[in-house]
2 protein chains.
Amino acid sequence: MEIDATRLREDLETNATFGTVDADVGRGRTVLTGSDADRCAREYLVGRLEDAGLDVRVDAVGNVVGRWTPPDCDPDAPPVAVGSHLDSVPRGGIFDGPLGTYGALEAVRAIQASDASLARPLDVVCFTEEEGARFGVGTLGSSVAAGHRDTEEALALTDDDGVTLRECLERIGFDGDAEVDAREWDAWMELHIEQGMRLTAAEAGVGLVESITGITNCEVTVTGEADHAGSTPMFERTDALAAASEFVLDLERAAEELATRSEAVVGTAGEGRIEPNARNIVPERVRYHLDIRDVDHAAMDRLVERCRTSLARIERTRGVEASLTRYRDTPPNEMSERCLTAADAAATARGVESVRLYSAAMHDTANLAAVTDAGLLFAPSVDGVSHSPREWTDWDDCARASGVLAETVRSLASA
Amino acid sequence: MEIDATRLREDLETNATFGTVDADVGRGRTVLTGSDADRCAREYLVGRLEDAGLDVRVDAVGNVVGRWTPPDCDPDAPPVAVGSHLDSVPRGGIFDGPLGTYGALEAVRAIQASDASLARPLDVVCFTEEEGARFGVGTLGSSVAAGHRDTEEALALTDDDGVTLRECLERIGFDGDAEVDAREWDAWMELHIEQGMRLTAAEAGVGLVESITGITNCEVTVTGEADHAGSTPMFERTDALAAASEFVLDLERAAEELATRSEAVVGTAGEGRIEPNARNIVPERVRYHLDIRDVDHAAMDRLVERCRTSLARIERTRGVEASLTRYRDTPPNEMSERCLTAADAAATARGVESVRLYSAAMHDTANLAAVTDAGLLFAPSVDGVSHSPREWTDWDDCARASGVLAETVRSLASA
């Protein structure tokens with residue numbers, strides 16, 4: 001089975017012209033859902049799917065599916081679906097999403113050109129609004145396809161200007177009437193760039209993702225007393241920032257301790273605000289938003305518990321009031337053994353060095369893992385950079401990982 | 001010498017009607033330089049100065065001076081000046097500034113009504129833009145009067161809307177052409193509310209300020225690396241917020257250690273910013289603005305040095321880059337022994353319990369201390385609150401402290 005590296009590259013390079021941005025280094029694009037760039041990217045994809053003889057349909061939230069029904073298969077058998085997304089963050093890279101979408105199409109084209117005999121149809125899928133960059137909800141299209149979110153609820157989401165997803169999709173002509181129900185799929189595979197450096201470190205051409213980490217978000221609030229920074233002696237203060245700084249270090253220490261057992265555990269205070277935030281006033285209140293992830297849900301719970309313990313200690317020792325609200329808790333998702341085994345064998349068959357790892361970034365695959373056998377492959381990312389024009393995956397690596405994807409899909413669909 | 005407590009209260013209550021704001025608790029006002037409220041407050045003051053027989057003049061930056069030349073004095077002798085300011089912060093209190101301005105006028109009226117024999121004239125002074133709430137530069141009028149700042153430079157300052165001080169003063173008719181040069185004064189006295197609780201703790205009716213703390217402001221920048229909060233393992237991070245949190249605690253510890261020797265030493269990180277400040281990105285950069293004060297300039301230097309040592313340590317242990325820029329350094333100002341001695345004797349003569357203390361808040365007096373004999377008296381502040389409608393000084397305390405002010409001024413001007 002031959003991957004046409006040139007054809008794959010041409011598709012990716014053409015896709016990169018939609019929403020392209022100026023960048024001193026690298027190549028970037030801004031493709032927000034419902035924009036002209038999104039319409040161009042989708043129309044080009046539909047054309048390329050049709051060029052390959054696929055039957056294209058679009059659902060209500062704009063998910064695009066191209067079906068190939070091999071001549072010798074049962075056309076009513078549950079399909080193996082494969083794909084990714086084409087939207088981007090503002091000034092994102094040209095591989096995050098497109099590699100998985102056009103890698104999927106190239107996989108189908110390679111299987112078509114081979115003498116493989118398949119038992120079931122193949123669906124090439126492009127999901128809407130994976131990044132959540134316009135409507136604020138990531139992996140939106142796949143959450144609807146997996147039945148986790150109501151279609152009408154998704155269509156009613158608004159961007160910062162109050163424009164609904166429904167209006168956006170109507171405007172670009174991608175408000176379809178097909179049904180796309182991932183619960184009817186036999187299996188799902190996605191290829192994505194790693195957005196990390198573990199493949200490079202292992203000198204591997206493909207990453208076999210075992211699980212996607214869960215995410216917990218918490219808001220931590222520490223309240224002291226606003227006082228004049230000049231006339232309030234050191235020993236008469238209840239400084240919310242000093243107290244919150246102890247918390248940040250406690251969080252880091254707890255995450256590091258847990259990480260000696262699993263490197264996937266991370267805890268971050270990345271967003272924060274001081275009130276009143278005036279140079280000459282002792283801080284009254286500090287809020288931090290936490291991002292806690294792991295492949296082990298119990299470890300995430302333990303880290304949240306360590307945060308609560310830290311805050312209770314700081315309340316006692318510093319006289320502040322502290323609270324923690326856990327406002328999001330997405331559990332980890334394990335990939336199916338069936339998909340992992342198929343991908344492992346595929347890498348071996350194609351002579352591509354593989355490494356097993358986890359994904360700490362969220363992907364559409366996390367939604368699908370709950371309703372069908374799901375697998376996720378990673379291609380190497382130069383320097384681990386993504387969401388930036390500096391994001392890069394060598395063309396050879398694109399082709400190599402797409403070859404493993406093709407072999408995996410062929411294997412999954414052959415029975 | 002009799003203070004007319006009712007007359008003083010009526011002046012303060014009338015002044016409180018200019019720029020008055022709604023407040024659930026207390027009485028507040030917003031009197032920004034050049035506003036209609038400021039014009040009303042100034043016009044009422046001018047009228048009250050003239051009612052008392054004072055010759056009023058206004059200088060280019062709007063400083064108002066009312067001179068009383070006692071019949072038996074040398075009219076050309078350097079005057080004793082006494083006063084404060086009438087502008088306020090947004091939603092400030094009704095005593096911060098006005099007590100010192102109308103307390104000065106009441107002192108002169110009391111001296112006029114007494115049989116005191118003075119050797120020199122008395123100037124009642126109201127300085128422009130003490131709070132810096134509109135033009136961003138505190139103690140502005142007194143800095144010009146003391147020759148620390150050029151008149152034209154002050155007049156060219158702009159507010160947030162680009163309006164100059166010159167335009168503001170022209171609009172309200174307080175762009176005068178008189179000369180007000182504090183270097184020609186024999187002495188200066190100011191009465192102000194304490195904005196602290198040491199008078200209450202000492203059950204004293206008046207505070208004799210020995211020195212006004214210096215202020216150093218620094219910008220501290222800690223730069224790490226922005227990384228994906230999910231996919232960057234704990235041990236591969238250079239987290240600017242964790243590093244900056246260590247610094248905040250080092251600053252606190254160093255200030256507390258120095259404060260065991262002098263309670264005036266304070267160090268505060270009150271204003272800060274995280275970049276990029278996104279929940280799912282490890283912080284790349286944190287900036288804090290520091291406020292460091294003491295009555296001992298060398299101790300301020302030591303605290304800045306401790307900050308530099310902390311940052312150097314954190315650079316070594318955490319691999320961040322850190323910098324500290326000391327962008328403001330106002331040295332402490334000692335009040336003159338002559339004024340302190342006169343005030344001490346005045347409190348004793350009037351049977352008012354006094355306590356010696358320092359001022360950690362900045363006052364116009366700090367500018368004048370460099371060019372003439374200067375003294376500063378404090379009246380008690382209920383609960384130490386200021387810059388708020390809850391700011392309060394009991395009317396009896398206003399009168400009592402004004403009596404000490406009158407006796408001090410009489411004593412200073414008698415020779």
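Helices (H or I, at least four residues) and strands (E, at least two) are DSSP runs, numbered from the N terminus. The views show a predicted model, in which local features need pLDDT of at least 70 and side-chain atom pairs count only at pLDDT 80 or more, while totals for chains, interfaces and linings use all residues. Residues are numbered from 1 along each chain as its sequence is written, and chains are lettered from A and ligands numbered from 1 in the order in which they are written.

**View 1. A:Glu203, a residue with positive phi.** Although A:Glu203 is not a glycine, its phi is positive, at about 50 degrees. A:Glu203 belongs to the loop between helix H7 (198–202) and strand E8 (206–212) of chain A, and is exposed (12 or fewer other C-beta atoms within 10 Å, C-beta atoms being placed from the backbone), with 9 such atoms within 10 Å.

**View 2. B:Asp383, in a loop of chain B.** The loop that holds B:Asp383 runs between strand E17 (373–379) and helix H12 (395–413) of chain B. Phi of B:Asp383, a residue other than glycine, is positive and near 60 degrees, and B:Asp383 counts as exposed, with 12 C-beta neighbours inside 10 Å.

Conventions: Buried ≥ 20, exposed ≤ 12 C-beta atoms within 10 Å, placed from the backbone.
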